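Q: Could you walk me through this model before I set anything up with it? I'd like to go from one residue to the overall picture and then around the chain.

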Amino acid sequence: MISFLISLVALVIGYIVYGHIIEKVFAPDDRVTPAISKADGIDYIALPTWKVFMIQFLNIAGTGPIFGAIMGAKFGPSAYLWIVFGCIFAGAVHDYMVGMLSMRNDGASCPEIVGKYLGDGARKLMLVFSVILLLMVGTVFVFSPATILHTYGGSTLMWVIIIFIYYILATMLPIDKIIGRFYPIFAFSLLFMAAGLMVVLFIKWPALPEVWTHLENMGKVADSSFTDEIFPCLFITIACGALSGFHATQSPLMARCLKSEKMGRPVFYGSMITEGIVALVWATVSMYFFYGEPTPGYEVINAVGNNGIHTQAPDLVKIMCSDWLGIVGGVLAVLGVVAAPITSGDTAFRSARLIIAEAFNINQRPIAKRLLVCLPLFAASLALLVWQIEDQNGFNTIWQYFGWSNQTLAVIMLWAITAYLVRQKKAFVITLIPALFMTSVCATFLFISKQAFHLAEPIAYSLGGICTVIALVWFIVWYKKNK
């Protein structure tokens, strides 16, 4: 628990100190924002700052800092280090810079930002990459809540249809009609659930593994079949609580709704730090259930017919909340594993609509043209959903592909931000170091993962290192050319 407490304080200090440094590097001013200059009553609408923060937090969070932290907690206390350092020095910087660059470029989406600073080839790659990623997000977050709602009545297919109808409405209607009204409520529920669990943690004060005593891969210690390596797998597994490329597709949504650039730090940097705190809580609660002493919490899990460390993340959420928070916890768990993923799915499709419309210059004011963009998206998602339902391991498989794609998208955005900072003669090292580190992570994961090349560890690590060196050499050459 001492590691948890130190990590919690570090995140708060990180927002105050490093968040201020990042804000000074970007230097927001009093210029007119896209919410005012391009107001259209649909996607560009000036909203109160508190509401923008709550929507941004829920957009980037959803179940990411819950599911990812639960699965990442299997590695042990090393999860704390990645959540804290990743969130402060990479994830929050990434989210802030993307949001601010979007505001500076008339609310541009991530492919357009990448195209401006890395070239048209990178823009096209980012366009395809981001749309595929958003499709996976929308699809993953249809089936899992539908199966849970099925336990309360109705068929899974019925709930899939209902969720899809909601997606269509939320994707096409003006942002203040559904998202602006209901997201703050769901965001508050997610925060309240995390706060409740934190209070119980302090009351119980369980004996948990600490960073200075258990930095090894505890998943291997607890289960000989646990084959994932801390590097690179931990940095792929915990994404939304530390660094997530998905956030680059979401920040422009709120960049189109902020009335002042000076609100960027609390909205973009602050919401990421808040998400890191949520991930920290869930990682700690999960470690109690996996490794707590004297009685590991997974005995409670086994008592209800699950399989300890192998229990699926959605099941763990329901068990933990119900066991610790009673009836209220059960209700919050339903919100966590049902409402949160649905709200991630609808903004994923909304982002995909705007990215495609921007790429092909399709005016989104007429509802017919919005529908024109949405129909192919939903058709592709339905096809992916059919495969997911037929394959019993479909959720885990898509999540693993999503994890790598998600972090690779973050890598591309970090390089684009670095290029922007170089051209503006600003402190580009703040994103260069995270960009190089995550390039190594994503490249190594591609070579070592069972879902990709599955090479022997020495070969995979060597190839990952070579890719990182190539990226660094490319940057040095580019930097000298553009200096």
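**A buried glutamine and what surrounds it**

A: Gln56 counts as buried because its relative accessibility is 0%, where buried means under 20% relative accessible area, exposed over 50% and partly exposed in between, with a 1.4 Å probe and protein chains only. This is a predicted model, in which local features need pLDDT of at least 70 and side-chain atom pairs count only at pLDDT 80 or more, while totals for chains, interfaces and linings use all residues. Residues are numbered from 1 along each chain as its sequence is written, and side-chain values use heavy atoms, with hydrogens and water left out.

Q: Where does Gln56 lie, and which residues is it in contact with?

A: Gln56 is part of helix 3, residues 49-61, where helices (H or I, at least four residues) and strands (E, at least two) are DSSP runs numbered from the N terminus. Setting aside neighbours within four places in sequence, Gln56 is in contact with Gln250, Ser251, Met254, Val267, Phe268 and Ser271, contact being heavy atoms within 4.5 Å.

Q: Ok, zooming out: how many helices and strands does the protein have?

A: The protein has 19 helices and zero strands.

Q: And what is the radius of gyration against that of a compact globule?

A: The protein has a radius of gyration of 21 Å, which agrees with the value near 23 Å that a compact globule of 483 residues would have; the radius is taken over C-alpha atoms, and the globule rule is 2.2 Å times the number of residues to the power 0.38. Along the principal axes, the C-alpha atoms fill a box of roughly 60 × 50 × 40 Å. Buried residues account for 60% of the 483, and of the contacts between residues at least 6 apart in sequence, 81% join residues at least 24 apart.

Q: How far apart are the mean positions of the positive and negative charges?

A: They are 13 Å apart, for 30 positive and 26 negative charges. Lys and Arg count as positive and Asp and Glu as negative, with His and the chain ends not counted, and each charge is placed at NZ of Lys, CZ of Arg, CG of Asp or CD of Glu.

Q: Changing topic to the backbone: which peptide bond is cis?

A: The bond from Phe231 to Pro232 is cis, with omega near 15°. Pro232 has its place in helix 11, residues 230-237, and helix 11 is mostly covered, with six of its eight residues buried. Those buried residues are Pro232, Cys233, Leu234, Phe235, Ile236 and Thr237.

Q: Which residues other than glycine have a positive phi?

A: Ala27, with phi near 65°, is one of them, and Trp205, with phi near 45°, is another. Ala27 lies in the loop between helix 1 (2-26) and helix 2 (34-37), whereas Trp205 is in the loop between helix 9 (179-204) and helix 10 (218-222). Ala27 counts as partly exposed because its relative accessibility is 38%, and Trp205 counts as partly exposed at 41%.

Q: What about Ile45, buried or exposed?

A: Ile45 is buried, at 12% relative accessibility, and is found in the loop between helix 2 and helix 3. The C-alpha atoms of Ile45 and Asp176, which are 131 residues apart along the chain, are separated by 7.7 Å. Beyond neighbours within four places, Ile45 is in contact with Ala35, Ile175, Asp176, Arg256 and Cys257.

Q: Last one, then: where does Ser244 lie, and what does it touch?

A: Ser244 is in the loop between helix 11 and helix 12 (246-255), and Ser244 is buried with a relative accessible area of 0%. Not counting residues up to four places away in sequence, Ser244 touches His94, Asp95, Ala239, Asn406, Gln407 and Ala410.
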